Amino acid sequence: MSRSARQIPQLVAAFGEKQFKETGAEEVEVLRLKASTLRKYFKQLKGALYLVAVISRDRVRVYFFNRAGMMMIGDNLDTDRYEEVRKASKLITKFEKEKPPTEEELRMEATEDLRNMLSKAIRKVARALGESEPDFPRVFVTKEKMDLSQQGFGIILDDDSFIIHEAAVRASWAEGIANRIGFLLLLQESKRSLEISQCTGNFVAYRLLKDALRPLWFDIWSKVTKESQWEPLLHHFILHADTYDDHATRLVKTIINKSQGKETLKDWLPLYNKFHSYIQVDLGTADYHTVSGFCSTLKKPRKLSGKRHVLDKIHLAPRAICNPLPIDIELGVSLENTANQDAWLDILHIDSSETKHLFIDKDVGTPISFLEYYLNLEDIFPKSGGLFSRGMDIVSWVLGDKRSDLTFSSRIAMEAKTVPTAEKAVLERLIQGDVKILSDSLIGSPQRIDSLFSTGCIVIWPDFQHIGLDHEYLLVGEQEKIRLCVESAALEATIIGTDSVSYGVVSAPGEWGRKIVNLAIEQALCTKHIISANSTRNIVRTEKPFPEKIFSWASN
């Protein structure tokens, strides 16, 4: 067969494809007619070799071509007659619209997609938590209505099987479902259906998702949780997604496995709060540079809006410390025997064999004359497992030399000042100690902030958590002696000054703590051990583990 002869079927097929595209037909078929077919059905049509059938719903339009590929004639055939011709001919090619898959085909496709996704998720979760990879579970996909638990959205557990709704498999957040199942498989079978297990699984899923998928998972999770009792725990998990590392997540899994399984959310929140208090993030050299760079911007509030230095895993953020006398609020300090949750600051500490509370509040006790803050992380050695000294502080103690320069220090005096009405309004908001209010004010009222800062009505101090700095010692005595101890050995301290006696809230772990105690004894200061410190106005660093709303300084 010559080359031109071989090209003839392609030309006829091209005509058929053009008809398919232009006519919108259901399908177009290109046939090679047999001699017997011509004699039987088309006796008067001689020389025809090819047939192009344009098939519509109600008719079939056919075109005949000769051996040279030239169109001979076009005609209409009824469907039954065309079927007879087609069976007696050879199909060369066919053009047809894609048929929508059946419900069963869709379900089979969804099941296969789920199995592939789940296989990857099981491997990923097990690797992250340092566990052996569990056996692949029995999974079923259904489109039937499911009676779901709130935190278990998308799936139900039936003995050792997982039944997943078809809509969840096809959702943009389906990978989150797979990650949650991967976590549940690492739990004891009796604990998998617990609502706390599902909620924690949602958190593990969020942690292990890529940044682009996290908002999709958060949207569905927050939607089903909105205004429920689980919302504070969701907020806790989202804010600590970068704080809880794989080791912490593995410990959470162990806590669930060791639980009785009968606990309510009311029981679980204190457990998570206690666990959260032990979490310490490992900081590297670059992280310490970030903290240092952040502290350097606190002296120039307008630079904070750029958020150049962010470290979400330790909740690095600014906090506004205010002098409230310009708005007729006088703060005082007092020692009491009972707690006061509404106080601006409540420090529970051991006094001899008793526990007492040091309060800062409005119009109580002795008026406060100033607040000072010190932070010195210059000798910290980046290492996992705690805060370690490079040894330079120890050298300074041995030689009696001054320590390295402070990372940050600041002082605000409680003085009566005349402040314009607009600035007063901003000051009244800032004394709430809310980082979101400060963030909004830096954006919406930058000139007011500058004015309050320059006139000494506010200062801005760093806020952070989970680096191993806890409020450990309460020093009581003369301000200069407290300041000497703080400058010599504290990693962090807040000094509360009055005209008679001052108080130092000191963070000094390990060797720094031993040095602080020795110095306090030498200076005849009273040293008390702090049990807890809570400040509704952030006078000392205080974290709300289960906030009513989510706000992160790093990401707004």
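Trainee: In which loop is D363 found, and is the residue buried or exposed?

Mentor: In this predicted model, D363 has a phi near 55°, a positive value in a residue other than glycine. The residue is found in the loop between β12 (354–362) and β13 (366–367).

Trainee: Which phi does D159 have, and where does D159 lie?

Mentor: D159 lies in the loop between β7 (155–158) and β8 (161–165). With a relative accessible area of 64%, D159 is exposed. Although D159 is not a glycine, its phi is positive, at about 55°.

Trainee: Which residue forms a salt bridge with D160, and how many residues apart are the two?

Mentor: Side chains of opposite charge can pair when their charged atoms come close. D160 forms a salt bridge with R138, with 3.8 Å between the closest N and O atoms, and this pair links distant parts of the chain, since D160 is in the loop between β7 and β8 while R138 is in strand β6 (residues 138–142). D160 counts as partly exposed at 36% relative accessibility, and R138 counts as partly exposed at 48%. The partner is therefore R138, and the two are 22 residues apart.

Trainee: Why are K436 and D440 separated by about one helical turn, and how far apart are their closest N and O atoms?

Mentor: K436 and D440 are 4 residues apart in helix α15 (residues 435–444), which means a separation of about one helical turn. K436 is partly exposed, with a relative accessible area of 38%, and D440 also counts as partly exposed, at 40% relative accessibility. The two form a salt bridge in which the closest N and O atoms are 3.1 Å apart.

Trainee: How many salt bridges does the structure hold, and which residues are linked with E27 in a network of them?

Mentor: The structure holds 21 salt bridges. E27 belongs to a network of such bridges, and in strand β5 its bridge partner, in the sense of strand pairing, is E96. The residues linked with E27 in the salt-bridge network are E29, R86, K94 and E96.

Trainee: With which strands does β1 pair, and in which sense?

Mentor: Strand β1 (residues 27–32) is mostly covered, with 5 of its 6 residues buried. β1 pairs with strand β2 (residues 48–55) over 6 bridges in the antiparallel sense, and V28 stands opposite V54 in β2. β1 also pairs with strand β5 (residues 90–96) over 6 bridges.

Trainee: How far apart in space are A14 and V30, C-alpha to C-alpha?

Mentor: A14 lies in helix α1 (residues 3–23) and is partly exposed, with a relative accessible area of 42%. In sequence, A14 and V30 are 16 residues apart. In space, C-alpha to C-alpha, A14 and V30 are 9.7 Å apart.

Trainee: Which residues gather with E84 in a patch of negative charge on the surface?

Mentor: E84 has its place in helix α3 (residues 79–87). A residue in a patch needs over 30% relative accessible area, and E84 is partly exposed at 41%. The residues that gather with E84 are D78, D80 and E83.

Trainee: How much accessible area does the nonpolar patch with V395 have together?

Mentor: V395 is placed in helix α13 (residues 392–399), and with a relative accessible area of 38% V395 is partly exposed. The patch on the surface is formed by M392, I394, V395, V398 and L399. Together, these residues have an accessible area of about 490 Å².

Technical notes:
Residues are numbered from 1 along each chain as its sequence is written. This is a predicted model: local features need pLDDT of at least 70, side-chain atom pairs count only at pLDDT 80 or more; totals for chains, interfaces and linings use all residues. Side-chain values use heavy atoms; hydrogens and water are left out. Patches are made of residues with over 30% relative accessible area and no salt bridge: like charges are joined within 9 Å, nonpolar side chains (Val, Leu, Ile, Met, Phe, Trp, Tyr) within 5 Å. Accessible areas come from the Shrake-Rupley method with a 1.4 Å probe; for residues, only the protein chains shown count as cover. A salt bridge is a side-chain nitrogen of Lys or Arg within 4 Å of a carboxyl oxygen of Asp or Glu. Lys and Arg count as positive and Asp and Glu as negative; His and the chain ends are not counted. The place of a charge is taken as NZ of Lys, CZ of Arg, CG of Asp or CD of Glu. Buried means under 20% relative accessible area, exposed over 50%, partly exposed in between (1.4 Å probe, protein chains only). Two strands pair if DSSP finds at least two bridges between them.
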